Amino acid sequence: MTQAKSSNLGYPRIGEKREWKKLLEAHWSGKIDAAELESETKKLRLSYLKKQQDLQTELIPVGDFSLYDHVLDTAFTFGLVPQRFTGGANTVSHDENCSCSHGSQDEEPAAAQDAGTKFFAPNDQGVYGLDAYFAVARGTKAFAASPMTKWFDTNYHYIVPELQGLTPKLTHNRPLAFYLEAKEELGIDGKPVIVGPLTLLKLARGIEAGRFDGLLDELIPLYAQVLKELSEAGAKWVQIDEPILVLETSDEDVARLRKIYEAFAAAAPELNILLQTYFESVSRYEEIVQLPVQAIGLDFVHDRGRNLAVLEQQGFPQDKILAAGVIDGRNIWRSDLKVKLDLLRRIEKAANAKELFVQPSSSLLHVPVTTRSEEKLDAKIKNGLSFADEKLTEIAVLVKALNEGFDAAAADIQASVDAVAALNASPERNDESVRDALSKLDADRPERLSPYAARREVQAKHWPLPLLPTTTIGSLPQTTEVRQARSKWKKGEWSEQQYVDFLHAETERWIRIQEEIGIDVLVHGEFERNDMVEYFGEQLAGFTTSAFAWVQSYGSRCVKPPILFGDVKLLSPMTVTESAYAQSLTDKPVKGMLTGPITIYNWSFVRDDLPRSVVQNQIALALRAEVSALEEAGIGMIQVDEPALREGLPLKRQDWQDYLDDAVYAFRASTTSVQDETQIHTHMCYAEFGDIIQAISDLDADVISIEAARSHGDLVAAFEDGTYDKGIGLGVFDIHSPRLPEQEEIESIAKRALEVLDPAQFWINPDCGLKTRREEEVVPSLKTMVASAKALREQFAKTAAGGAVAGGQN
């Protein structure tokens with residue numbers, strides 16, 4: 001009989017009621033000092049470990065806890081701190097991927113610190129302090145933060161290491177410190193967790209040409225020292241995360257892996273290494289499983305069946321333990337444990353396993369803490385949910401069934417089967433009207449009435465905008481007063497009319513501010529919205545919302561995704577009243593603001609009983625009805641945001657086209673019912689824009705806005721190799737930083753874009769929504785943006801047709 005053990009890969013940092021977030025923000029605002037922050041977060045950290053112990057987790061991760069981000073922690077462990085924060089050149093990163101933040105209910109506050117000319121040097125022991133750590137993560141008034149982008153295909157953001165001109169050094173053995181803390185405080189012999197060297201370097205920026213292997217050679221002995229010291233301290237297992245192995249892995253990378261793990265085995269021969277992958281199937285299974293480690297962690301949930309298929313075809317080395325990720329670490333649904341036990345039996349047989357680790361498919365960082373406090377949820381929905389604590393309980397049940405036989409866990413297994421069956425049989429998951437509407441969708445891609453070239457002429461006459469029109473992305477600052485008003489209304493302390501009056505006053509105030517600044521296309525500000533996805537989830541059939549299902553997005557910013565549990569349809573117009581009121585206040589166009597079907601899908605906890613394309617199309621049909629209602633109400637510009645489109649791109653290139661085809665179909669199903677003069681906008685946050693440029697064009701939106709601020713316009717390079725013939729707004733200032741943009745910076749970014757884009761198609765806007773920023777930051781920034789646009793227009797007016805603009809060609 002196989003001996004099974006329960007294992008966890010990582011636990012949520014934020015706390016059941018976001019205690020972690022509140023401590024961080026208290027420190028950033030000066031309410032608590034570094035010592036109190038460290039002591040209070042230590043209490044949280046130890047409570048998480050104790051809870052995992054109580055939930056019968058045998059291999060408990062330590063070192064997965066972070067004060068901001070685990071990749072940033074790893075970079076600091078090895079002294080990889082950008083030079084501008086340590087006395088080096090005052091450079092600004094040129095590699096950043098926008099992380100959309102214009103809709104979150106729960107926002108990270110502006111950075112309070114001002115570094116000025118102060119450099120953050122390490123102390124006498126070589127350890128960097130919290131000031132340096134948070135400065136790199138969040139920036140200062142003097143220095144831009146390090147880049148931030150999505151962690152593989154999740155909505156978690158990591159801080160991108162900047163390695164230009166750096167030499168790694170071991171500043172402190174962070175995994176050892178956490179291992180000793182757990183052992184000394186709780187008697188837990190934990191499993192230290194660290195991001196592996198290949199993943200760290202592959203995710204980094206600024207590595208000079210030809211320097212990758214040199215950096216790796218410098219890192220290997222430092223990692224080896226960490227492992228050696230862990231082994232000497234008594235650690236039995238260490239988890240080295242190498243999720244990069246689920247991407248395309250080259251022969252060169254396989255050779256690097258052999259070098260890395262042979263060095264680790266030699267440095268700490270008594271230490272057991274769990275080489276952990278997740279989010280997809282490994283790309284070079286045969287070579288990976290032969291590496292000199294004691295266990296291999298594979299994802300059997302998000303692998304599209306590929307890990308299981310290759311395991312059954314090729315078997316598994318008998319000198320290693322297979323760590324089977326069978327409980328979904330990224331979604332919140334309760335597992336049918338009979339199905340999971342059958343999967344484990346297949347894995348056990350294919351691997352001919354004498355020992356097996358049963359664990360989540362990935363770190364539980366991506367799910368909320370516990371369903372315990374969700375007292376207002378419908379019983380059948382709550383009973384069908386499984387957050388972090390419940391997932392660990394599921395793992396314990398599976399381990400019990402494997403070790404003691406089915407009967408020992410029969411009651412718990414049957415309870416899971418019944419809960420899943422009850423949810424699947426619910427009327428909300430079997431709405432015939434939704435199924436009927438889907439059946440009437442044409443298999444051919446939906447089309448606008450006229451092609452873009454014809455629409456452009458119609459819209460130019462209908463909307464007499466200046467060259468380089470200015471706009472914003474949608475949301476405006478959500479002040480304490482706005483949040484308090486919403487809270488009072490929800491609690492019943494304010495009447496409906498009191499709340500509407502407040503929203504009208506705030507909307508009118510900001511319409512006047514935008515007019516005074518001179519913005520060409522206005523927005524109503526979204527003051528009524530808590531979150532760009534949750535807001536719609538609260539109003540669409542098939543969704544419900546939770547009280548405490550928060551997850552970390554980046555830093556202290558937490559999001560509470562809506563729960564998409566049933567069939568989706570529009571019950572009544574969601575945004576028309578606010579948009580129409582704002583439009584009634586001004587002669588300038590006011591954009592209607594919607595979140596698109598792909599983003600609603602990607603940023604919700606989505607039912608797992610239907611194919612992705614079916615659920616996306618349900619959402620699309622609901623949004624199509626809302627778009628029509630906006631148009632009928634006289635809203636002639638409608639923005640349907642898709643910031644998560646690139647994020648959802650599958651990790652394997654072979655799966656890209658199917659995903660993009662489905663995404664384009666759903667977006668067009670949402671937007672193509674309008675008349676030619678109605679201008680459809682979209683906004684996107686992405687990584688490599690070149691990966692999806694054809695799909696972006698295929699969306700057939702009249703105007704797309706994307707990030708170009710932290711990348712300093714370098715993302716424009718994506719347009720140099722292809723033709724983009726529609727309107728485009730490149731975000732010219734970074735809304736994620738409190739620093740105010742200079743006019744010269746904005747003009748420089750715009751001019752870089754105008755080297756490859758026709759000025760007639762170019763818009764000027766921020767790189768994302770302004771919800772997270774304070775009014776005293778937003779107003780001067782927008783004034784600078786408008787001044788930049790006017791200056792550029794004057795330059796064009798003085799330039800002969802076809803002449804150069806600031807060194808570039810029109």
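1. Are H3 and H4 oblique or roughly parallel to each other? This is a predicted model, in which local features need pLDDT of at least 70 and side-chain atom pairs count only at pLDDT 80 or more, while totals for chains, interfaces and linings use all residues. Residues are numbered from 1 along each chain as its sequence is written, and side-chain values use heavy atoms, with hydrogens and water left out.

2. Helix H3 (residues 70–77) packs with helix H4 (residues 130–138) at an angle of about 130°, their axes being 11 Å apart; H3 and H4 are therefore oblique to each other (angles under 35 degrees count as roughly parallel, over 145 as roughly antiparallel, 65 to 115 as roughly perpendicular and the rest as oblique).

3. Leu72, Asp73 and Phe76 of H3 make the contact with Ala132, Tyr133, Val136 and Ala137 of H4, where contact means heavy atoms within 4.5 Å. By class, the residues of this contact comprise 6 nonpolar, no polar and 1 charged.

4. H3 is mostly covered, since 8 of its 8 residues are buried (under 20% relative accessible area, with a 1.4 Å probe and protein chains only). The buried residues of H3 pack against H4, strand E4 (157–159), helix H5 (174–186), strand E5 (191–195), helix H6 (197–203) and helix H7 (212–232).

5. At the start of H3, a side-chain oxygen of Asp69 comes to within 3.2 Å of the backbone nitrogen of Val71, whereas just after H3 the residue Gly79 adopts a positive phi of about 65°.

How values were computed
Axes are lines fitted to C-alpha atoms, for helices over the stretch in contact, and angles run from 0 to 180 degrees between N-to-C directions. Helices (H or I, at least four residues) and strands (E, at least two) are DSSP runs, numbered from the N terminus. Ala, Val, Leu, Ile, Met, Phe, Trp, Tyr, Cys and Pro count as nonpolar, Asp, Glu, Lys and Arg as charged, and the others, Gly among them, as polar. Buried means under 20% relative accessible area, exposed over 50%, partly exposed in between (1.4 Å probe, protein chains only). A polar contact is a pair of N or O atoms within 3.5 Å; within protein, one must be able to donate a hydrogen and the other to accept it, and residues adjacent in sequence count only if both atoms are side-chain atoms.
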